[in-house]
Amino acid sequence: MVSGQNDSSSECRYFVWIARAGLGNRILSIASAFIYALLTNRVLLIDEEPEMANLFCEPFPNARWLLPKDFPFMYRISRFKPNYPKSYGNLLKKNKISDSTELLPTHLYLYLCNDYDHHDELFFCDQDQTILRNIPWLIMKSNLYFLPSLFLMSSFEEERDTSYYKKYLAEAEEHVGIQIRIFHKNKSPFQQVMDQILSCTDKDKLLPQVDTGKSTAAPSGKRKSKAVLITSLIPSYYERMKNMYLKHPTLTGEVVAVYQASHGVTQHSMNNVHNQKALAEINLLSMMDACFSHKRRVYIRLCGTRSKTLDSVQDRDTENHPVCGRAM
């Protein structure tokens, strides 16, 4: 690294995180850096400043993730600012690095803070990731939660897919997630909630209506397909919607298939297996193009950009005309 010569034969790659701003920003930035290191198969090293000492436990047994104090360029870290000449953004701005550069440097500085410019932001482009993949040492200063931007990049798309998504959902042209959380069944009658869901998904063009007077015929020709993922502790919603689209054609001619990944009927927050299934559902919801929630739930915050939420009937006197609002 000190020599400045890029040893292409070495398989070791490192991602060094440098602190900026307050503790909250640092935690979010470290979380993003951790995922980036996993996605790019790099070793994450944290520059622990004195004010951070003993705040975090080492995440891996018998291993250290702290940047050694004798790190060769430790004296340069304090000078690493937006106009730093050896940052990736400034090298791009001066046309000193590109995907055609033959002799790449051993290390690059990445400035991913709230005041970064367009050239720094090119870090989130697939073409630039192709360049960065060949740099052994990436040294990043950041105060941002940039994790969502990583999953908008096609080069990392494969990493976020799950086997369930690939098996059941991937081939559909559009994916809709529906989360239904009922706390008191006597205050939220099944049919009333079901009518609310169907009314709201139709109003917001998430799901088409069906022609109950006809039976589904064998599909002819290519038709638009939608996959619906339902997450709920009450299986009746999944069964009703699945049978509705299975037995009757849609008024728009679209083909709708309904799925549910887990089928638990009670919540067991202290049970590890239950939590594993819940985490899988959260991950699946994050892959949806649009989401709908019967109540304002945490899961829905992790869904697509077109997320919708519906006020429950006990919150508003809108039994026949439910309010369909965009999730905040």
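Author: With how helix axes are defined: an axis is a line fitted to C-alpha atoms over the stretch in contact, and angles run from 0 to 180 degrees between N-to-C directions. Note that this is a predicted model.

Reader: At what angle do helix α9 and helix α10 pack?

Author: At about 55°, with the axes 11 Å apart. Helix α9 covers residues 190–203 and helix α10 covers residues 235–247.

Reader: Which residues make the contact?

Author: From α9, they are F190, Q191, V193, M194, I197 and L198. From α10, they are S236, Y237, R240, M241 and M244.

Reader: What makes up this contact by class?

Author: Eight nonpolar, two polar and one charged residues. Arg counts as charged, and R240 of α10 is in the contact.

Reader: What is in the largest nonpolar core?

Author: That core has 34 residues. W17, Y36 and L150 have the most contacts inside it. Elements giving two or more residues include β1 (14–18), β3 (107–112) and α6 (147–150). The largest share, five residues, comes from α1.

Reader: What does Y36 touch beyond its neighbours within four places in sequence?

Author: Y36 is in contact with F15, F123, Q129, L132, L138, F146, L150 and F156. Apart from this core lies another, of 23 residues, among them I182, I197, Y238 and Y245. I197 is also one of the α9 residues in the contact with α10.

Key. Residues numbered from 1 in each chain as written. Predicted model: local features only at pLDDT ≥ 70, side-chain atom pairs only at ≥ 80, totals over all residues. Heavy atoms only, no water. Core = buried A, V, L, I, M, F, W, Y, C linked by side-chain atoms within 4.5 Å. Buried < 20%, exposed > 50% of the residue type's maximum accessible area, 1.4 Å probe, protein only. Helix = DSSP H or I, 4+ residues; strand = E, 2+ residues; numbered from the N terminus. Contact = heavy atoms within 4.5 Å.
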